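Here is a short report on aromatic rings in one protein model. Look at the sequence and structure first.

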Amino acid sequence: MLVERMRPFTSTIFTEISRLAVETGAINLGQGFPDTDGPASLLADAAHNITDGGRNQYPPGPGVLELREAVAAHQKRFYDLDVDPADVLVTAGATEAIASVLLGLCGGGDEVVTFEPYYDSYAASIALSGATRHTVPLRAPDFAFDPDELRAAFTSRTKVVLVNSPHNPTGAVFSREQLTLIGELATEFDAVVVTDEVYEHMAFDGTPHVPMATLPGMAERTLTISSAGKTFSVTGWKVGWVHGPPELVGAARTVKQFLTFHGGAPLQPAVANALALDDAFYDGVITDLTRKRDLLSDGLRAAGFDVFATHGTYFVVTDARPLGFDDGFDLAYRLPELCGVAAVPVSVFASTPEGVEAMRPLVRFAFCKRDEVLTEAVERMGGLRDKA
């Protein structure tokens with residue numbers, strides 16, 4: 001009975017691999033969620049709002065004013081972007097923001113350009129909207145795109161360009177030059193740029209995160225999406241937001257009000273306070289994750305994987321062929337039994353035959369875990385070469 005356009009999306013790889021991890025007792029480095037909670041002040045604020053703050057009823061449709069103001073202040077503080085709180089829409093995580101934007105802006109006959117591999121909700125949301133997906137490949141080892149292939153993806157029907165940087169699953173961070181080219185093509189073809197920036201505070205080794213809306217002339221055609229889940233290690237809270245020009249945010253708001261209307265009433269003001277945490281907190285996120293990235297990457301190399309550089313997010317992508325495994329999909333499903341570690345195949349984040357083939361030997365691991373968990377995972381994978 002499921003409509004045809006949604007038949008490819010009946011299950012997600014995260015559900016499948018997490019189920020295998022539970023069944024086998026494997027360390028789950030597949031799904032990207034931290035195994036520690038966020039800042040104590042954030043948790044205390046939420047608890048107060050629930051038990052004593054009287055914040056448990058419906059919040060305003062656009063989101064609580066404190067959070068919309070805090071998002072605007074955050075964008076000014078970190079990127080010198082002038083954002084009107086009235087042009088901020090709070091959503092049930094970035095996933096709902098992406099869906100609301102695509103459903104509000106796209107329909108049958110429209111086209112969406114995005115980059116392959118991509119976070120799996122992108123394809124599902126594009127299918128829900130009725131639009132057609134055009135992908136531009138990101139190729140190992142640096143996961144950059146070819147400018148000619150990017151231009152070829154645009155047509156007179158291109159309505160939206162969906163950009164994710166820092167990029168999940170590859171760990172790449174788009175440069176100012178790459179983003180400028182995307183913006184120039186979006187302007188030439190009169191397309192809206194939708195940017196998923198949920199890993200904005202997770203760019204390493206001095207690599208700058210450049211919001212698309214900061215580039216000349218791009219604020220007027222860019223919708224910027226982010227969330228609290230990754231930065232503050234509260235992925236289960238599902239508090240996200242989108243901001244941009246009023247008419248574009250209005251399109252997303254129209255759809256969003258009939259999806260969840262709103263939720264997370266006691267969580268939203270807590271996130272607002274957390275966004276104002278001092279620089280030491282944000283610097284600490286980068287310091288801690290850099291250490292974890294290096295711990296896991298070094299261990300994966302020692303185990304025999306070819307490990308690609310991670311410049312952002314909390315994922316590391318590997319090539320399993322040096323270990324004798326040619327199919328990352330097969331390996332990901334076997335890893336829990338082989339060595340008690342779970343990971344996800346990168347090929348599931350691609351849709352074209354060329355993209356699937358290019359990603360076929362690649363496996364993604366998450367390093368947003370306690371150091372002792374990563375150390376144990378590395379030790380478990382030490383004998384993997386002998387099991388190929």
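The report below covers ring pairs, a ring cluster and charges over rings.

## Ring pairs

This model is predicted. A pair of aromatic rings is described by the distance of the centres and the angle of the planes. Rings count as a pair here if their centres lie within 6.5 Å. By this rule there are 20 aromatic pairs.

## Phe143 and Phe308

Take Phe143 and Phe308. Their ring centres are 5.6 Å apart and their planes stand at 85°, so this pair is edge-to-face; the cut-off for that class is over 60 degrees.

Where do the two residues lie? Phe143 is in the loop between strand E4 (132–137) and helix H6 (147–153). Phe308 is in the loop between strand E9 (306–307) and strand E10 (315–319). The pair therefore ties together parts that are 165 residues apart in sequence. Phe143 and Phe308 are both buried.

## Tyr199 and Tyr314

Next come Tyr199 and Tyr314. Their ring centres are 5.5 Å apart, with the planes at 85°, so the pair is edge-to-face.

Tyr199 sits in the loop between strand E6 (192–196) and strand E7 (222–227). Tyr314 lies in the loop between E9 and E10. This pair therefore ties together parts that are 115 residues apart in sequence. Tyr199 and Tyr314 are buried.

## A cluster of rings

Which residues form one aromatic cluster? They are Phe78, Tyr79, Phe232, Phe281 and Tyr282.

## Charges over rings

Charged side chains also meet rings. Arg364 places its charged end over the ring of Phe315, 3.6 Å from the ring's centre. Lys369 lies over the face of Phe33, and the distance to the ring centre is 3.8 Å.

Notes:
Residues are numbered from 1 along each chain as its sequence is written. This is a predicted model: local features need pLDDT of at least 70, side-chain atom pairs count only at pLDDT 80 or more; totals for chains, interfaces and linings use all residues. Side-chain values use heavy atoms; hydrogens and water are left out. Rings of Phe, Tyr and Trp (its six-membered ring) pair if their centres lie within 6.5 Å; planes under 30 degrees apart count as stacked, over 60 as edge-to-face and the rest as tilted. Helices (H or I, at least four residues) and strands (E, at least two) are DSSP runs, numbered from the N terminus. Buried means under 20% relative accessible area, exposed over 50%, partly exposed in between (1.4 Å probe, protein chains only). A charge sits over a ring if NZ of Lys or CZ of Arg is within 6 Å of the ring centre and within 35 degrees of the ring normal.
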